[in-house]
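Please keep the sequence and the 3D view at hand while reading.

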Amino acid sequence: MGKGILASSLAKLLQSRGYSVTIQKLDPYINVDPGTLNPYEHGECFVTEDGAETDLDLGHYERFLNEATSQANNVTTGRIYQSVISKERRGDYLGKTVQIIPHITDEIKRRIQILGSKGKYDIVITEIGGTVGDIESLPYVETVRQLKWELGTRAMVIHLTLVPYLAATGELKTKPTQHSVKQLLEEGVQPDILVLRTEHNIDITVRKKVALFCNVELEAVVQSINVPTIYDVPLKMLEEKLDLTVLKKLDLPIKEKIDLSAWNGFLTRLKNPTQTIEIGIVGKYVELHDAYKSIVESLIHAGAENRCEIKVKWIHSETVKSGTVDNLFENLNGMIVAPGFGHRGMKGKILAAKYARENNIPFLGICLGMQVAVIEFARNVLNLENADSSEMNPKTPHPVIDLMEQQKGITDFGGTMRLGSYECRIIDDKSNVFNAYNKLTIHERHRHRYEFNDHYKEQYIKAGMVPTGVNPETGLVEIIEIPNHKWFVGVQFHPEYRSTVLNPHPLFVDFIKNSLVEEEK
């Protein structure tokens, strides 16, 4: 439905009117976090600065607001129950019977209000995952009912519903919206604003009908129509005066005239490219594009910065074989080998890195993508037979990628990785990464357990693959490059998590710049 984009767009408008805003996501599933979820189930796992593995909607929040989120911005039912059960075991409830009401709902309330209680934000937008009527969403809806009662005009509810279009009769049908609101009312919650997702313009007659049947003011019935890019949604919500209606309902002043000049500048560059290039993304989850959401959005940001339209060619790593590489890669202007876990698709990723290296195609390897480039180089340039990552082959004679010493012996995967923001020192001021960042110290977000094995470092340097970035505390290699290649960079971290509309990530910007068609560069 697009609750995350709607929340991000509203937040952007309120921010542009001078309010400090943050957004949090409440997810009704029982996983403690999405870190162990298969990307096919839930799309990508987004990682915050403080190392929380969170829902991909937090990526939208950061990209729109240009503000970092944290652990407090994503709450799951699993985390709520874990917290309540821990308190019960400690005796915090003084022998009382622990129940969904009030104990679970109180904990949800505490999590909703925690971001606002620190005084850092004027407005906190909370997005509740799932659908009205889901059994697992009931405690959240009940919490909303309580909060509205307690906070009065300081809390309000926006309900996003679908208005389907029946092509056979040429009608927009409001019945799903009416039933959804009726269900909410049965649970004790009256929405203050209705946002109607639609493929066709909703006329005043339909709006009046919805307002009448759902007990909302006419001005509080807002349409959210399909647009060419998600970055158009804030402008559509501005046209619908959603931000003004929200401020009025919350009894807050309209502080400043809205300033979206930087946002509009981005959209102008995005929609008026001077050339088009094709970038291949090689991964094992390419059937679900949301599995690589941050990478795709980073490419959009970098493309706009370079006045260039980027066509993504999705390449399933399991389809990459020695007989298919030419057909798959011959027309690419650049290649990204995507992150991931596990051995599935590794052979294809290694062949992809080899093709990019040998054919001088600009290459960006992210996390496992960097490790793939290191393994490929070991096998085909250093001639280390059966070189591998000890993750994929624990018995490899040449573990050029190996487990960090402190991780050995850990079997509980949740939270055992190197997670969150770490410092990286760029050690070569003539490298591609220095040209991109234009500084020697950077901070980037990580999500991995395995590292470049330093025992092989000298062999790599002599053969032409050089470390250009290291962690200053541990000396671990963070970035590798091949200097005699057009642009070949592998990074152990995830640069895509830090790219925003107003601050495109410098690595992606430089990667695209070096992938542009030569004659027009």
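In which helix is the place of Ile101? Ile101 belongs to helix α5. The model in which this residue is located is a predicted one.

## Ile101 and the nonpolar patch

With a relative accessibility of 47%, Ile101 counts as partly exposed. Together with Tyr81, Ile85 and Ile100, Ile101 makes up a nonpolar patch on the surface, and the accessible area of these residues together is about 350 Å².

## Overall form

The chain comprises 18 helices and 22 strands. Along the principal axes, its C-alpha atoms fill a box of roughly 75 × 65 × 45 Å. For 521 residues, a compact globule would have a radius of gyration near 24 Å, and the 25 Å of the chain agrees with this value. Of the 521 residues, 55% count as buried.

## Helix α12

Helix α12 covers residues 293-305. At 1.5 Å a residue, its 13 residues should span 18 Å; the C-alpha atoms at its ends lie 19 Å apart, which agrees.

Is helix α12 largely enclosed by the rest of the structure or largely open? Eleven of its 13 residues are buried, so the helix is largely enclosed. Among the buried residues are Lys293, Glu297 and His301, as well as Ile295, Val296 and Leu299. Arg307, which follows α12, has a positive phi, near 50 degrees.

## Salt bridges

Side chains of opposite charge can pair when their charged atoms come close. The structure holds 37 salt bridges. One of them joins Asp243 to Arg17, with the closest N and O atoms 2.5 Å apart. This pair links distant parts of the chain, for Asp243 lies in helix α10 (residues 242-249) and Arg17 in the loop between α1 (3-16) and β1 (21-27), 226 residues apart. Both Asp243 and Arg17 are buried.

A salt bridge also connects Lys25 with Asp57, where the closest N and O atoms are 3.0 Å apart. Lys25 is in strand β1 and Asp57 in helix α3 (residues 57-65), so that distant parts of the chain, 32 residues apart, are linked. Both Lys25 and Asp57 are buried. Glu219 pairs with Lys248, their closest N and O atoms being 2.7 Å apart. Glu219 is partly exposed, with a relative accessible area of 39%, while Lys248 counts as exposed at 53% relative accessibility. Salt bridges that share partners also form one network, which joins Lys25, Asp27, Asp55, Asp57 and Glu127.

## Cysteines

How many disulfides does the count give? The count comes to zero disulfides. Cys367 is in no disulfide, and the nearest cysteine sulfur, that of Cys45, is 12 Å away. Cys367 counts as buried, at 6% relative accessibility. Cys308 is buried as well, with a relative accessible area of 6%.

Technical notes. Residues are numbered from 1 along each chain as its sequence is written. This is a predicted model: local features need pLDDT of at least 70, side-chain atom pairs count only at pLDDT 80 or more; totals for chains, interfaces and linings use all residues. Side-chain values use heavy atoms; hydrogens and water are left out. A disulfide is a pair of cysteine sulfur atoms within 2.5 Å. Buried means under 20% relative accessible area, exposed over 50%, partly exposed in between (1.4 Å probe, protein chains only). Helices (H or I, at least four residues) and strands (E, at least two) are DSSP runs, numbered from the N terminus. The expected span of a helix is 1.5 Å times one less than its number of residues. Patches are made of residues with over 30% relative accessible area and no salt bridge: like charges are joined within 9 Å, nonpolar side chains (Val, Leu, Ile, Met, Phe, Trp, Tyr) within 5 Å. Accessible areas come from the Shrake-Rupley method with a 1.4 Å probe; for residues, only the protein chains shown count as cover. A salt bridge is a side-chain nitrogen of Lys or Arg within 4 Å of a carboxyl oxygen of Asp or Glu. The radius of gyration is taken over C-alpha atoms; the globule rule is 2.2 Å times the number of residues to the power 0.38.
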